[in-house]
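The entries follow the order in which I looked things up.

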Amino acid sequence: MSDRTLNLPEGKNVEPEENLEQHAAAGSSPADGPVQAHEPEPAVDAVPGAPEEEAAAAAVALAIDGEGEDRDVDFQDLSSKSLKEILSVFSDIIEEGDQMKMYKYSEMIKAAFYKALKREKIAAGYVASAGSVPASGTLPDDGRQEMPVSVNPFAEVERGFKELYANYKALRSAYVQEMERKKEENLREKKAIIEELKNLLETTEDLNRTFPAFRALQARWREAGPVPQSEVKDIYDTYRHYEEKFYDYVKINNELRDLDFKKNLEAKISLCEKAESLIEEENVTRAFNQLQKLHEQWKEIGPVDKEHRETIWERFKLASSAINKKHQAYYEGLKSEHKENLAAKTLLCERAEAISVREINDMAGWNSATKEIDGLFGEWKGIGFTARKDNQKIYDRFKAATNKFYARKKEFYAQLKGSLQDNYHKKVALCEQAEAVADSTDWKKTTEYLISLQKQWKEIGPVSRKKSEQVWTRFRAACDKFFDNKSRNFGGADPEQVQNYRDKMAVIEEISAYQPQGEREDEEAARAFVKRWNAIGHVPFSEKDAIQEKFRDALSAKFQGYSGYLHDRQASARADRRRDTPARMERDRLVQKFRKLETEIATYENNLGFFANSRNAEKLISDINRKIETLRNELGELEMKIKELDSAE
């Protein structure tokens, strides 16, 4: 049975596809049938003697397919379309294969085509006068003839339309023949059901068998599809006759029949309540689909008594009408939403197309553009669907733009592959150079050397992503090793003072290792140690007191009882006091601060490259550059102060 068959009261059926064929045979338009909200609705097969069907005919539009009028093509606008556009519309309908749509619009398209053909011929100067242009290209009755400029430019267009129209007619003919074949099969099935019903009437005494068999025959009758129109009246009249005869003559008491009617009424009341509850359903599509299922169930329920027959049907029809109106309004709103989505997706296509032709010459540019494309994909997913006719086309346009972008990106990286390998070898060489000086204690010279290596690193182009992290980690480890060592060794103090510290520690170690040899020899050794100590220059300020205390303790431990070296010790102390004048101490402090600032600046410059891989690289690099600039200014001021102190001394 057709999915669009409407269940009428008491099991009467409406076959819309059958009536479309009847319209086709009579040469009428399907629009002649019942219409609601400009939608083509199937007509109702009026069965004489069936008032239920006549009462339900007005409700056909409420219980069949509620999808609304065609949303893919605006057929009311065909008059403004070109020949090419009309051919495209006709071709799309034929390819879609919807027989109902082809039948509805084929003649309308044909009329629009020949009007457009005439209009474009006149506009092209092909017709000598403004008279009628016959579709066949023959001369009009008044003898005027078409005057081609060179050759007929419209012959191929018209031939193409005729081929499409012939294709449609062939499809239509095959469809009609198939429908007629099915109707003949249905007719044979229904005749067989009537014969079985006749036989059943002869065995009405056995109610336990005949009544279920009767119900089974009713179910088979409802499942059978439409029959040829010429047979409709006779077949329905015959079936109703034997059905009523069964109820009249079967030996079943009235109580059982009334109970059957009562159960049917209760079932239909339940369906009415379910349909009424669907009116408040927020999901309009779900409500509409549920309504179709309720209509299918309605068809399966048997008749009710005459007293309630019309009332219960009107109640069910009223709920169906309300749901269908909401469904129609919903799809009207959806159509507007589809237009907005199409506009939004068109804008994304334009942006993607602009990116796909952008001139990009480096990896940073490609990475940035790729993020933009990824962002467009994210926006695309956030936009809803467009109309079915536009959905694939707009996606194909967007996909074409992104495919073009990725094809260009792939080509760029293919060309870049060779240079990436060269850059890798250059960076490996820098790693080896940095590793060679990582253990150096020549802090100043090595710092300058590593900074120069870091500048070279920045000037070398990128390497492949697979090797980038590996080679960068290696280079950074070598640099870190040196700068960590430098930081641990007196925080970057003056290298000369560091060496002095080491020399004095060597003197202390020699004193500790000295073995007494005699009074005179010990006194000479003590004086020699003091003289050597005084000859060594300043040590880092933070270590001065500690190392001086170690020296005195070492002397006291090895040369007790000797006073000859005390004079030298006092002289050394006086010399230290002379060196420790306020001006000298201030200079030492400034020099120490100067060295620390140099180390800090070198560390910042060394770390500049480390931040290139972080998410907020630009901000971090900017902050560090500002700090370096501040430290350099402070370094310049310290240098001027030191020079002033040196001049004063």
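**Salt bridges and a helix pair**

I began with Arg-532, which is partly exposed at a relative accessible area of 38% (buried is under 20%, exposed over 50%, partly exposed in between, with a 1.4 Å probe and protein chains only). The model is predicted, so I note that local features need pLDDT of at least 70 and side-chain atom pairs count only at pLDDT 80 or more, while totals for chains, interfaces and linings use all residues. Residues are numbered from 1 along each chain as its sequence is written, and side-chain values use heavy atoms, with hydrogens and water left out.

**Entry: Arg-532 and its partner**

I found Arg-532 in a salt bridge with Glu-510, 2.7 Å from N to O (a side-chain nitrogen of Lys or Arg within 4 Å of a carboxyl oxygen of Asp or Glu). Arg-532 lies in helix 17 (residues 519-535) and Glu-510 in helix 16 (residues 495-513), so the pair links distant parts of the chain, 22 residues apart. Helices here are DSSP runs of H or I with at least four residues, numbered from the N terminus. Glu-510 is partly exposed too, at 36%.

**Entry: other salt bridges**

I searched the whole structure and got 27 salt bridges. In one of them Lys-481 pairs with Asp-439, with the closest N and O atoms 3.0 Å apart. That pair also links distant parts of the chain: Lys-481 is in helix 15 (residues 465-488), Asp-439 is in the loop between helix 13 (388-436) and helix 14 (443-459), and they are 42 residues apart. Lys-481 is partly exposed at 41% relative accessibility, and Asp-439 is exposed at 52%.

I then looked at Arg-520 and Glu-524, whose closest N and O atoms are 3.8 Å apart in a salt bridge. Both are in helix 17, and because they are four residues apart, about one helical turn separates them. Arg-520 is exposed at 63%; Glu-524 is partly exposed at 49%.

**Entry: helix 10 against helix 11**

How do the axes of helix 10 and helix 11 cross, and within what distance do they come? I read a crossing of roughly 150 degrees, with the axes of helix 10 (residues 284-300) and helix 11 (residues 306-356) coming within 9 Å. Axes are lines fitted to C-alpha atoms over the stretch in contact, and angles run from 0 to 180 degrees between N-to-C directions. The two helices are therefore roughly antiparallel (an angle over 145 degrees).

Technical notes. Angles under 35 degrees count as roughly parallel, over 145 as roughly antiparallel, 65 to 115 as roughly perpendicular and the rest as oblique.
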